[in-house]
Amino acid sequence: MKKTKITGLGRFLPPRIVINDELSTMMNTNHDWIVERTGIEERRWFTPGKETVNSMAVEASKMAIKDAGIATQDIDFIIFATITPDYFVPGNGVLLQRELGLQGIGALDVRNACSGFLYALSIADQFIKTGMYRTILIVGAEIQYSALDKSDTGRSSAVIFADGAGAAIVQATEKEEGILSTHLHADGDYAEELYVKDPGSSRETRISPDLIKEGGFNLYMNGNAVFKHAVVRFHEVILEALQANGKHPEDIDLLIPHQANLRISQFIQAKLQLPDQKVYNNIMKYGNTTAATIPIAMSEAKELGILKPGDLVCLAAFGSGFAWGSALLRF
Ligand code: UT7
């Protein structure tokens, strides 16, 4: 049976750097609190009128296509993971497809938030293993800026979430390499612990002055609840991936966790007893870009020579839904 290999990676981060001190001018917070609780020193926020979710996705995709050494026309399917699409309808997949000049091929949108990239990777893996497609473009891209309540009320989310895009080209390979397994989970009991309520469809109007006043268009997060579940599920789903392949934590060459909070990554690292050089984190510079964190981190780690051919790589994520997942792959 065919296997799925990640052959190209790319990323785009909007140039506007927002340091913690700038956030203190908007809300009651400070650099030391943010670094101590999240590890974040700065993040990127988009510039309205300049970047869009799609424009960032296009840049990340072009970089991934170049990195894979393929022609754009070789792509036969697109999977776009985002919870912050440019339009309510249609999804971002078709916008990216149009921009890349790939009219006619299928384009799928995935809405699994922080786990979106892993859900997308798993879907791509199934399509490739069955022989339906040979070359798939996967993107995770988000603009969280416009969903952040930048007052004291929203400060626990506003200091964490940020904007950016990452992309991967995955291709069929006949060799014993690439994705070994993917593992997806969700528990809808916790849907409202991390969510954006509006604009919902199940009411008289989707938008009204009252709804705007209520603030349901902003991202709501019960940080403590998310944190507590995240540390358990991350660990569990990484062990699941290792067990499925007869591997142990010490076999991992590189763990790339979804960049939710540096404390969460460090907690997982300690539980798995992994040395620093086996865990890649860049949340310090980019914050939490939801579906984009894993492909951004992979692209950066590859460029830095930290993610190398032949490495046993574990990817894991947890977020809104709650949804979580992992992938084990021979890079
Ligand atoms: O991507 C996946 C989804 N997201 C996550 O995985 C995030 C998970 N959660 C977290 O990362 C953390 O829960 C937060 C960073 C959001 C919050 O950290 P915490 O250590 O859980 O803080 P807390 O909510 O327990 O708040 C501790 C204190 C409170 O003050 P009091 O009541 O002790 O006086 C908060 O009001 O810190 C206060 N606080 C802040 N202070 C300064 C909350 N947010 C801020 C802030 N700046 N931004």
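Predicted model: local features only at pLDDT ≥ 70, side-chain atom pairs only at ≥ 80, totals over all residues.
1. A charge is said to sit over a ring if NZ of Lys or CZ of Arg is within 6 Å of the ring centre and within 35 degrees of the ring normal. Lysine 150 does this with tyrosine 145, lying over the face of the ring at 4.1 Å from its centre.

2. Residues are numbered from 1 along each chain as its sequence is written, and side-chain values use heavy atoms, with hydrogens and water left out.

3. Let's take the overall layout next. The domain assignment (bounds come from an automatic or database assignment) gives domain 1 (3-176) and domain 2 (179-330). Their C-alpha centres lie 13 Å apart. Contact here means heavy atoms within 4.5 Å, and 50 residues of domain 1 are in contact with 50 residues of domain 2.

4. Which residues touch the most other members of the largest nonpolar core? They are Ile238 and Leu255, in a core of 41 residues. (Such a core is a set of buried Ala, Val, Leu, Ile, Met, Phe, Trp, Tyr and Cys residues joined through side-chain atoms within 4.5 Å; buried means under 20% relative accessible area, exposed over 50%, and partly exposed in between, with a 1.4 Å probe and protein chains only.) Two or more residues come from each of α8 (223-244), α9 (262-272), β12 (312-319) and β13 (323-330), and α8 gives the largest share, 8 residues. Helices (H or I, at least four residues) and strands (E, at least two) are DSSP runs, numbered from the N terminus. Both domain 1 and domain 2 give residues to this core, so it lies between them.

5. Not counting residues up to four places away in sequence, leucine 255 touches Ile238, Ile268, Leu272, Leu274, Lys278, Val279, Tyr280 and Cys314. There is also a second, separate core of 36 residues, with Leu121, Leu307, Ala323 and Ala327 among them.

6. Is histidine 235 buried or exposed? Histidine 235 is buried, at a relative accessible area of 16%, and lies in helix α8. Leaving aside neighbours within four places in sequence, its contacts are Ile268, Lys271 and Leu272.

7. Now to the aromatic rings. The structure holds 9 aromatic pairs, where rings of Phe, Tyr and Trp (its six-membered ring) pair if their centres lie within 6.5 Å, and planes under 30 degrees apart count as stacked, over 60 as edge-to-face and the rest as tilted. Tyrosine 195 and tyrosine 220 form an edge-to-face pair, 6.2 Å centre to centre with 85° between the planes. Tyrosine 195 is in strand β9 (residues 194-195) and tyrosine 220 in strand β10 (residues 220-221), so the pair ties together parts 25 residues apart in sequence. Tyrosine 195 is partly exposed, at 28% relative accessible area, and tyrosine 220 is partly exposed too, at 41%.

8. Phenylalanine 318 and tryptophan 324 have ring centres 6.0 Å apart and planes at 35°, so this pair is tilted. Both residues are buried. Together with Tyr190 and Phe322, Phe318 and Trp324 form one aromatic cluster.
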